[in-house]
Amino acid sequence: MLRGTTQWIVDQGYKTSVIARNKTDLSHVNWINLNYKNMSQIKIALLESIKIFGPIELVVSWIHDYAKDTAFEIAKVTSETSLAPVNFYQIFGGLTPDSEDIKKLSNIKYHKIILGSVTTNSGFRWLTNQEI
């Protein structure tokens, strides 16, 4: 699902950087290969990407719960380096409170996305791309 979202962002003409542990075959993407729990690495990588590609214009953040502070660090760097408001989409796998700390940052337009799921006879499953 995130792969399709990333490809759509690229297709819209955005210069696209992706922080990920594993690189995929998407083209026209600046891959930032690191563990997103490491805050100092995140900040350095984002500042380097901004220096090369320009200010961040759009953020799609889908980060596991065990690295909650990472989304705030990304939003903070984005807020501090952007001249215009930035749409910050934070994706969650279930019901989670809004990130009030991110919402308070200047230059950040916060959007929360909760992925859907269904219960079937065989248990729980996430909605497919087509269902969404």
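## Strands S6 and S7

In this predicted model, strand S6 (residues 117-120) pairs with strand S7 (residues 123-126) in the antiparallel sense, over four bridges. Two residues lie between S6 and S7, and the pair forms a hairpin. Thr 120 has Gly 123, in S7, as its bridge partner.

Strands pair in a sheet through backbone hydrogen bonds, in either the parallel or the antiparallel sense. A second arrangement of strands is described here. An open sheet has three strands in the order S3-S4-S5, and the pairing is parallel. Strand S3 (58-61) and strand S5 (108-114) each have a single partner strand and stand at the edges, so one side of each has no neighbour in the sheet. On average, and with direction ignored, neighbouring strands of this sheet are turned by 15 degrees against each other.

Seven bridges join strand S4 (residues 86-92) to S5 in the parallel sense. Within this pairing, Phe 92 stands opposite Ile 114 of S5. Helix H3 (residues 68-81) packs on the sheet and touches S3, S4 and S5. The direction of H3 makes about 175 degrees with that of S4.

## Packing of H2 and H3

H3 also packs with H2, at an angle of about 35 degrees and with the two axes 10 Å apart. The crossing of these two helices, H2 and H3, is right-handed.

From H2, the residues in this contact are Met 39, Ile 42, Lys 43, Leu 46, Leu 47 and Ile 50. They meet Asp 69, Thr 70, Glu 73, Ile 74, Val 77 and Thr 81 of H3. By class, the contact of H2 with H3 has seven nonpolar, two polar and three charged residues.

## The largest pocket

The largest pocket holds about 1200 Å³ of space. Its lining is made of 44 residues, and those nearest the centre of the pocket are Leu 2, Ser 17, Val 18, Ile 19 and Val 60.

Helix H1 (2-11), helix H2 (39-53) and H3 each supply at least two residues of the lining of the largest pocket, as do strand S1 (16-20), strand S2 (29-33), S3 and S4. The lining of the largest pocket divides into 24 nonpolar, 15 polar and five charged residues.

## The second largest pocket

The volume of the second largest pocket is about 240 Å³. It is lined by 17 residues, of which Lys 68, Gln 90, Phe 92, Thr 96 and Ser 99 are the closest to its centre. Phe 92 is also the residue that stands opposite Ile 114 in S5.

H3, S4 and helix H4 (100-103) are the elements giving two or more residues to the lining of the second largest pocket. H3 provides the largest share of that lining, with four residues. The residues lining the second largest pocket fall into eight nonpolar, four polar and five charged.

Technical notes:
Residues numbered from 1 in each chain as written. Predicted model: local features only at pLDDT ≥ 70, side-chain atom pairs only at ≥ 80, totals over all residues. Heavy atoms only, no water. Pairing = 2+ DSSP bridges. Axes fitted to C-alpha atoms, helices over the stretch in contact; angles between N-to-C directions. Contact = heavy atoms within 4.5 Å. 1 Å grid on protein atoms, 1.4 Å probe; cavity = no way out; pocket = protein on both sides within 12 Å on 5 of 7 lines; lining within 4 Å. Points joined across faces, edges and corners; volume = space filled by probe spheres on them. Nonpolar A, V, L, I, M, F, W, Y, C, P; charged D, E, K, R; others polar. Left-handed = near helix turned anticlockwise from the far one by under 90°.
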